[in-house]
Amino acid sequence: MTMDDLSLNLNISSSAPSNQTKKQSFASKRNYNDDFDIDDDLGSAPTVKKKKIKKLKEYNIDPDNYEIPKKTEVKSGPISSLFQNNPDIPNVPTRRLKPVSEALFAPTSYEEFPGIHPFMKKNLNEGMNITQVTTVQQLSIQPILDGGDVLVRSQTGSGKTLAYAIPIIQKLQEMRPKISRKDGIYAVIILPTRELALQTLEIFTKLCKSFTWIVPSWLTGGEKMKSEKARIRKGISILVATPGRLLDHCKHTETLKFSKVEHLVLDEADRILDQGYERDIAEFLEILKKQKPQFQSILLSATLTPAVQRLAGMTLQNPIQIDAADSTDIHNTTDSLVIPDSLKQHFIVTPPKLRLVALASFILGKCQNVNEDEESKMLVFMATQDMADYHTELLSTVLGENIAFFKLHGSMSQSERTEVFKTFRSVKSGVLICTDVAARGLDLPLVDWIVQYTAPSSSTDYVHRVGRTARVGHEGSSLLFLIPSEVKLVEELQNRRIRIEEIKLKDCLQNLLSVKMEGDLSRLADGNVETAATALQMSFESAVLQQKILHTSACKGYTSWVRFYASYSKDLRHIFNFKQIHLGHFAKSFALRDAPSVISGIGKPKNKEELKNKKMAINKEKSFKQRGNFSKKQMLSEFDSGLPQRKPSKPRKK
Ligand SMILES: Nc1ncnc2c1ncn2[C@@H]1O[C@H](COP(=O)(O)OP(=O)(O)OP(=O)(O)O)[C@@H](O)[C@H]1O
């Protein structure tokens, strides 16, 4: 059997996909070159047709820098074996730890909870199916009603939004004479991303249903400033906003007034800081305090990092500190990480070359709709947008027949993001490939698995990513992908009282034998895991070879990943050491056969041709940068709220 025998167009299935699944597939099986008609007249330089430029942008490929395929396949590099020359997988001891515990629910029902308007209880019960009070709600509602500043820390998915939404609406509906939308803004809620802002707005809208004179609204970008200005003019009582857009309006929209503000909420404070919004928040506070010196500040976070405490120092005065972790558990919340009890955490150690097949095998094992009971929803975290773009397309191309793949990252248009967010919330089964933009605060019901295909950049990222599952008491699981040189991360997580267990690579790859594979593949696999894994890898590689655009996307994804890996902060380099990684082996995990120096001009060229290619790549990148097209998002993990970069201030306009 030769490698070419294995280079099949893989078609893996267990049963015919349901129509529903097919309809839901955002990125369905596709041939890239079909998407791009190419003007390829003999003798003349090919140009991309205008209407196709839009398509290229959709794939996040810059049309100016897109090399047009001449209807030929990509030249193949040498095929390296998947199972040879791999580093050994170290033995990672599992420690039995007692995690920090946090009781999710308090022994109280909303029915008996004092100080809340009966209409609000009805809205909770009938509109949101909520009857029992969670611990963080029990601890926060009264202090917020009392009016002092409050700092709240509680685990992911514990109901922090209602913990402040209920008392704020309670206070606003009590005010006499009744407040009116024309008065101006009474509460400002700041969140780090648009999705979170929209999700929070939805909750305020449901709770305010019986109090028609209180009007919640939002300012998050993603639509024209003009329409947002119109909304401001109509009047808003509770403003839900992302920091960048809020500040833009503070500077450019005169009708936006804060003189009535009674409550300021900074939700997902740790994430607001991670995104570098500290300066924006400071600037906004200055503007706010000039118009309204006294108001209640509430700050919420799932982790209490020193940076969050610094932000608390800036915004809160003599705050009441609420920590929902078990008060009998002696722990230091800045050191120990609090994870929901119902979350089972795992890690897998794979040599770099085997990462892609291990991921595919894991997805196949969990998400093929064998029958309805086994339907599974999964989030897969990638380091960069280009990686997310590429893996969504690659996995859809090879496995999209039976599994619906979706993607979510900060460079997608707002309408795409909203559509994906809404669709993925409503589907029963599917894989959402995302960057950290989806990590914090998003409430996606009943996600079963969180896969971190690239490791988180910090322990808080870890907590927030895995926190997208096991919400409000539901069961959930997580899997962290590591290469052998990264296993120290497991020890560090365990030092912070994270209980995490290993899934062995060989067990994960076994899935390839239990899923039904059609045609030649099942014959070739013949009950052998290594052959099945190699066949799967070959089908990824041949998809990339056959489709030039997929190849371009693979190169972009790989390059962005290399840059990302090289940019791990100093304090993490003992785990993620760029010098220790084998770039060629990682290229294989992007289904690329080219040498790293050819893909991205990385590493020492081995011969003249490689040197020439490298120089060309560097020059191309230089001109790209000079044209201002080279943005941070192409190299870094992104937490983008989707806002365009802010331009220098313009004079005020009405
Ligand atoms: N008392 C409750 N009973 C049942 N479900 C609840 C209750 N309170 C909130 N929820 C639901 O729990 C989910 C998570 O709530 P929320 O997003 O506010 O959590 P969170 O603590 O802010 O999480 P994260 O830190 O991840 O943002 C939501 O779907 C919400 O409707």
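Modeller: A salt bridge is a side-chain nitrogen of Lys or Arg within 4 Å of a carboxyl oxygen of Asp or Glu. By that rule, one salt bridge is found across the interface of domain 1 and domain 2. This is a predicted model, where local features need pLDDT of at least 70, side-chain atom pairs count only at pLDDT 80 or more, and totals for chains, interfaces and linings use all residues. Residues are numbered from 1 along each chain as its sequence is written, and side-chain values use heavy atoms, with hydrogens and water left out.

Colleague: Why are Arg417 and Glu195 called a salt bridge?

Modeller: Their side chains meet at 2.8 Å, N to O. The cut-off is 4 Å, so the pair qualifies.

Colleague: How many residues of each domain take part in the contact?

Modeller: Contact means heavy atoms within 4.5 Å, and 18 residues from domain 1 and 19 residues from domain 2 take part.

Colleague: What area do domain 1 and domain 2 bury between them?

Modeller: About 1700 Å². Buried area is the accessible area (1.4 Å probe) that two parts lose on being put together, summed over both. Thr156, Glu195 and Gln199 supply 35% of the area that domain 1 buries against domain 2.

Colleague: What makes up 57% of the 654 residues in the protein chain?

Modeller: Buried residues do, meaning those under 20% relative accessible area (1.4 Å probe, protein chains only).

Methods:
Buried < 20%, exposed > 50% of the residue type's maximum accessible area, 1.4 Å probe, protein only.
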